[in-house]
Amino acid sequence: MHIRPTTAADIPRCVTIRDAAFVDNELVNWLAPDRAKYPLAWRQRALAVQRNKLYQSNAWQFVCVADTDDDFAAVGEILGWARWVRRASEEEAAADPWTRQLSVLDRVESWLRWAELKFEQAMYTSPALIQARDDAFMASAMTSTGFAPIRAATHWHLETLAVDPKYQRRGVARRLVDWGLQRAEAETEERVARGKPPVPITLIATAPGLPLYRSMGLKVVGWDDASYMGFPVEGGSNMIWDASNYWIRDVEYEEPMERGVVEAVYSDSVLPKSSSLHAI
Ligand SMILES: CC(C)(COP(=O)(O)OP(=O)(O)OC[C@H]1O[C@@H](n2cnc3c(N)ncnc32)[C@H](O)[C@@H]1OP(=O)(O)O)[C@@H](O)C(=O)NCCC(=O)NCCS
């Protein structure tokens, strides 16, 4: 198997995989409790959202596809996918090499996709989704403090990772996560040589994702239960990759807490004033 950039033609399959992988996910269940009752409305909405995201200038989306030696799937079949989001600091944003300069055509397409989504949201109330919850969830990304010290710095964020349940435990997710790790490692080396801060990775792990990310060197720094937004959901772990311990320092113990284990804390100089660490 190998990974390649996602194209617009891949989006329907990616939506199918995402729905199958997240069928039991508590956040999706809370946002869209009636999606099984209204599958067409749910799918139409999901397609519009995913098409729109494909044209985001800082989104790097990949699919993992089967090759001839993967006898468990048809050659070319999409097995899983991921979306990495580049978040450049304010000072570096204008010249950031990982923020795409969109061509005029892509910009037009991007605008049309955005308009399509906004029009649909304004004109139709999807019965599959509770819009107020979705709005609150979107806004929460801006208020969560779990990554506060890193948020203003240039970093990568793994926004979505989904593998078809039929093809899990075959190394699909590892390949997709490795793409971001390799970027962050290479950039960190090159930037540190120029006296600049390293490039960390952030993500919020679900319970199934946690062992995978841990095995790839990410550390749990807190818990994002979104209680500040009033979400009645368990949440997930705030995880960070920061191999040189520039932003975080390892804790020497693994003390079991109510919601898992903290493996690292922010270094004193960058400790957030108010953080979701309190929730652990
Ligand atoms: C989490 C998920 C992406 C993992 O995908 P995957 O392709 O099965 O993962 P990989 O085969 O690459 O696993 C790599 C390693 O991660 C760990 N791992 C993955 N799934 C695991 C599980 N269910 N239990 C324990 N360890 C697991 C193992 O160490 C595994 O290596 P191994 O198989 O050699 O032991 C997949 O289970 C999924 O899509 N889940 C639902 C959606 C989701 O929660 N996404 C993550 C959002 S943060």
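Trainee: R35 is buried yet has no salt bridge. Which side chain of opposite charge is nearest, and how far away is it?

Mentor: First, the general idea. A salt bridge is a side-chain nitrogen of Lys or Arg within 4 Å of a carboxyl oxygen of Asp or Glu. Buried means under 20% relative accessible area, exposed over 50%, partly exposed in between (1.4 Å probe, protein chains only). Lys and Arg count as positive, Asp and Glu as negative; His and the chain ends are left out. For R35, the nearest opposite charge is D19, at 5.4 Å. This is a predicted model: local features need pLDDT of at least 70, side-chain atom pairs need 80 or more, and totals for chains, interfaces and linings use all residues. Numbering runs from 1 along each chain as its sequence is written, and side-chain values use heavy atoms, without hydrogens or water.

Trainee: Where does R35 sit, and which side chain does it contact?

Mentor: R35 is in the loop between α2 (26–31) and α3 (39–54). Its side chain makes a polar contact with that of N29, at 3.0 Å. Polar contacts are N or O pairs within 3.5 Å; within protein, one atom must be able to donate a hydrogen and the other to accept it, and sequence neighbours count only through side-chain atoms on both sides. Helices (H or I, at least four residues) and strands (E, at least two) are DSSP runs, numbered from the N terminus.

Trainee: Which residue forms a salt bridge with D19?

Mentor: R18 does, with the closest N and O atoms 3.5 Å apart. R18 counts as buried because its relative accessibility is 17%. D19 is partly exposed, at 23%.

Trainee: How many salt bridges does the structure hold?

Mentor: It holds 17. One of them pairs D96 with R86, N to O at 2.9 Å. D96 lies in the loop between β3 (78–87) and α4 (104–123) and R86 in strand β3, so the pair ties together parts 10 residues apart in sequence. D96 is buried at 6% relative accessibility, and R86 is buried at 2%.

Trainee: What does the pair of K196 and E92 link?

Mentor: Their side chains meet in a salt bridge, 2.9 Å from N to O. The pair links distant parts of the chain, 104 residues apart: K196 is in the loop between α7 and β5, E92 in the loop between β3 and α4. K196 is partly exposed at 30%, whereas E92 is buried at 17%. Elsewhere, salt bridges with shared partners join R13, E77, D164 and K166 into one network.

Trainee: Which backbone atoms lie by the ligand's oxygen atoms?

Mentor: A polar backbone atom of G171 is 2.8 Å from a ligand oxygen. A backbone N or O atom of R174 is also 2.8 Å from an oxygen atom of the ligand.
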